[in-house]
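Subject: Structure handover

Hello,

The sequence and coordinates follow below.

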Amino acid sequence: TRSSRPQRLLSVVKKRAAHGDPQSVISAIDYFCRHNEWAMNVGDEKGCILDSVVSELNPERVLELGTYCGYSTIRIARILPPGARLITLEFNPDYAAIARQVIAWAGLEDKVQLVEGASEDWIPRIKEHFGIETFDFVFLDHWKDRYLPDTKLMEECGLLRKGTVLLADNVICPGVPDYLQYVRSSPSYESYYFKSHLEYTQAEDGLEKSVFLG
Ligand code: SAM
Ligand code: MG
């Protein structure tokens, strides 16, 4: 039977990347997706913006919505300070199984908690289940119709504090007009657009960084 794209990404990682070396895992995936098969990872160009936002913030508690194969998980986790924790949510069990192996190959399983399930089910349970007060940084990269409802849900559940940074991918392509309108017009956020390109293409896309003001 034919393999799936995530299975092919995992094979490439095992063949081309050094065990325990997150940068080599990132490079192997980027090379494969640029030259062989496109995949919905944040990619190298927007990934550099993601890196700089994370480095500047030095977050200790991080939430990622949408793991896929674990590419952005590894990007974020590799630059987190010692003791930091990243919780990443993925509702597709096949993707989650691949991501677990990719994250382990990068040697980052101690920093990352991959949780299987839907964001809308998990967000209300995160505080109690993981003993988390609030997140310092949230990366939104799951299905685009969930950005706005899940942001409002995180507010309601008290997961955001004054200064929490939300970083949203694909705000132009495929686009999240309802979310952009909300964070750009709400007095509870200060929002900035980082212009870039859709992963592995020349089409315009970008990241929206929104600081929660409480
Ligand atoms: N962040 C990843 C990266 O850059 O490497 C890419 C994530 S991919 C664009 C989106 C993922 O979110 C898919 O794997 C999809 O199954 C998952 N997803 C979509 N909606 C979700 C939801 N409501 N809860 C949990 N996972 C979801
Ligand atoms: Mg994306």
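The structure holds 16 salt bridges, where a salt bridge is a side-chain nitrogen of Lys or Arg within 4 Å of a carboxyl oxygen of Asp or Glu. One of them pairs K46 with D169, with 2.8 Å between the closest N and O atoms. K46 sits in helix α3 (residues 43-57) and D169 in the loop between β5 (160-168) and α9 (171-175), so this pair ties together parts that are 123 residues apart in sequence. K46 counts as buried, at 0% relative accessibility, and D169 counts as buried at 0% as well. Here buried means under 20% relative accessible area, exposed means over 50%, and partly exposed is in between (1.4 Å probe, protein chains only).

Before going on, some notes on the basis. This is a predicted model: local features need pLDDT of at least 70, side-chain atom pairs count only at pLDDT 80 or more, and totals for chains, interfaces and linings use all residues. Residues are numbered from 1 along each chain as its sequence is written, chains are lettered from A and ligands numbered from 1 in the order in which they are written, and side-chain values use heavy atoms, with hydrogens and water left out.

Two further salt bridges:

- R100 and E116 form a salt bridge, the closest N and O atoms being 3.5 Å apart. This pair links distant parts of the chain, 16 residues apart: R100 is in helix α5 (residues 93-105) and E116 in strand β3 (residues 112-116). R100 is partly exposed, with a relative accessible area of 38%, and E116 is partly exposed at 42% relative accessibility.
- E204 and K195 meet through their side chains in a salt bridge of 3.9 Å, N to O. E204 is partly exposed, with a relative accessible area of 35%, whereas K195 counts as exposed at 61% relative accessibility.

Salt bridges that share partners also join K46, D169, E199 and D205 into one network.

On charge overall, the protein chain has 24 positive and 31 negative side chains, and the centres of the two sets lie 4 Å apart. Lys and Arg count as positive and Asp and Glu as negative, while His and the chain ends are not counted; each charge is placed at NZ of Lys, CZ of Arg, CG of Asp or CD of Glu.

As to the fold, the protein chain has 10 helices and 7 strands, taken as DSSP runs (helices H or I, at least four residues; strands E, at least two) and numbered from the N terminus. Its radius of gyration is 16 Å, close to the 17 Å that the globule rule gives for 214 residues, so the chain is as compact as a globular protein of that length. The radius is taken over C-alpha atoms, and the rule is 2.2 Å times the number of residues to the power 0.38. Along the principal axes, the C-alpha atoms fill a box of roughly 50 × 40 × 35 Å. Of the 214 residues, 55% count as buried. Among contacts (heavy atoms within 4.5 Å) between residues at least 6 apart in sequence, 72% join residues at least 24 apart.

Finally, L10. What is its place? L10 is in helix α1 (residues 5-16), and it counts as buried at 8% relative accessibility. Leaving aside neighbours within four places in sequence, L10 is in contact with I98, Q101 and V102.

Regards
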